[in-house]
Every structure is written in C-alpha cells, then in structure tokens.
Amino acid sequence: MASKRKASDTPAPPASSAQQKDSKVIHFTARNPPWSYLKLQLIPQPGYSSANTLLDELTTRTYLSSALSQFLGVTGTAISIDLLKVENDGTNKYAWIRVPRDDASAVVSAVSSWIGGSKSSGSSGANAGNVAWRVCAKGNFLGALVNGSGTDLFAP
C-alpha cells in the first residue's frame, strides 16, 4: 500500500532583495489600439524625373486624398488621416501617417494601388510628376514601427 507524505511544515527560505528586484516582470497588453501607423515612400515612375521635387505636407495630403477617392470614392475621402512627419532624405521621400485601425487595410490598398501626379507645364506636355506610394511599414504601435521590436518601449 502506498504511503502518503505530508508536506513539510518548514517554510522556504526568503529570496534576497536583489533576486526580488530582478524577477519583477511587468506585462502590458493592448488588444485593440485605436490607431495604425504607416510609413509611406513616394516613388517616381521609371522614365520620369521628379527627384528635384520636394515632398511637403500639402502635396502629401493631396496625393493621399486622391488615392483614397480614386479607390473608395466619397467613402475614402471621409477616412481620417493624420500626417505625423514628411521627410525628404535625398532622393527618398517619406511620409509617416496615422489612420484609424479599422480603416488601415483600406488605406493600404488605396495607396499601394494608386499612381498619380501632375501634368508638366513645359512645352513637351509629358507627365512630370508620375508617382506612386510604397508602403514601407505598417503597425499598431509607432514605437515598435520606428525602433524595431519595441521591447524597450515600456522599460522602467
């Protein structure tokens, strides 16, 4: 017959204070963030020169509105877009935007399928500003999108 053992009545030795500080782990979970963040790059179409044109906030807003209205019509123009940063890094032109999380997939589809620009006022009449958006990154947290993994975002 198997015998039953009784648990020891002696308590475990207390951990040192250094071990207690190191073993403290903080877990944070955000299940439904309200925003999604996108990093977009403006790409000139092959054969067209727009390298000397700077990207500014007004041009960015115009291009994004055009993409959304072309893809989704009036519904697309109602999507709230916040321009966080517009940067001209040599020949690379980037825009950081914030959109509602529920509309992020529609915005990605609209901007990635859009090709637009402006007509040249020169004598040739060729399109001078044929450009397209490239989605470089998309995420629900800006810190993780900018700095990589985001593991040190909530470090004490």
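Me: What share of the contacts with a separation of 6 or more comes from residues 24 or more positions apart in the protein chain?
Reply: The share is 68%; contact here means heavy atoms within 4.5 Å. This is a predicted model, where local features need pLDDT of at least 70, side-chain atom pairs count only at pLDDT 80 or more, and totals for chains, interfaces and linings use all residues. Residues are numbered from 1 along each chain as its sequence is written, and side-chain values use heavy atoms, with hydrogens and water left out.

Me: Which elements does the chain have, and in what order?
Reply: Five helices and five strands, running α-β-α-α-β-β-α-β-β-α from the N terminus. Helices (H or I, at least four residues) and strands (E, at least two) are DSSP runs, numbered from the N terminus.

Me: How many of the strands are in the sheet, and in what order?
Reply: The open sheet has five strands in the order 2-3-1-5-4, with antiparallel pairing. Two strands pair if DSSP finds at least two bridges between them. Strand 2 and strand 4 (115–116) are at the edges with a single partner strand each, so one side of each has no neighbour in the sheet.

Me: How many bridges join strand 1 to strand 3?
Reply: Eight, and the two strands run antiparallel. Gln41 is opposite Tyr94 in strand 3.

Me: And how many between strand 1 and strand 5?
Reply: Eight bridges, again in the antiparallel sense. Leu40 faces Val135 in strand 5, and Ile43 has Ala132 of strand 5 as its bridge partner.

Me: Which strands does helix 4 touch?
Reply: Helix 4 packs on the sheet and touches strand 1, strand 3 and strand 5. Its direction makes about 150° with that of strand 5. Axes are lines fitted to C-alpha atoms, for helices over the stretch in contact, and angles run from 0 to 180 degrees between N-to-C directions.

Me: Where does helix 2 lie?
Reply: Across strand 1, strand 2, strand 3 and strand 5, at about 115° to strand 2.

Me: Which residues of helix 2 are buried?
Reply: Thr60, Tyr63, Leu64, Ala67 and Leu68. They cover an arc of only 125° around the axis, which puts them on the same side of helix 2; the arc is that of the directions from the helix axis to the C-beta atoms. Buried means under 20% relative accessible area, exposed over 50%, partly exposed in between (1.4 Å probe, protein chains only).

Me: What do the buried residues of helix 2 pack against?
Reply: Among others, strand 1 (35–44), helix 3 (74–77) and helix 4 (104–112). The face turned away from the buried side carries the exposed residues Leu58 and Gln70.

Me: What comes just after helix 2?
Reply: Gly73, with a positive phi of about 75°.

Me: Different topic. Where is Leu142, and which residues does it touch?
Reply: Leu142 lies in helix 5 (residues 142–147). Not counting residues up to four places away in sequence, Leu142 touches Tyr37, Leu84 and Trp96. Leu142 is partly exposed, with a relative accessible area of 32%.

Me: How far apart are Leu142 and Trp35?
Reply: 107 residues in sequence, and 9.3 Å in space, C-alpha to C-alpha.

Me: Back to the whole chain: how much of it is buried?
Reply: Buried residues make up 26% of the 156 residues.
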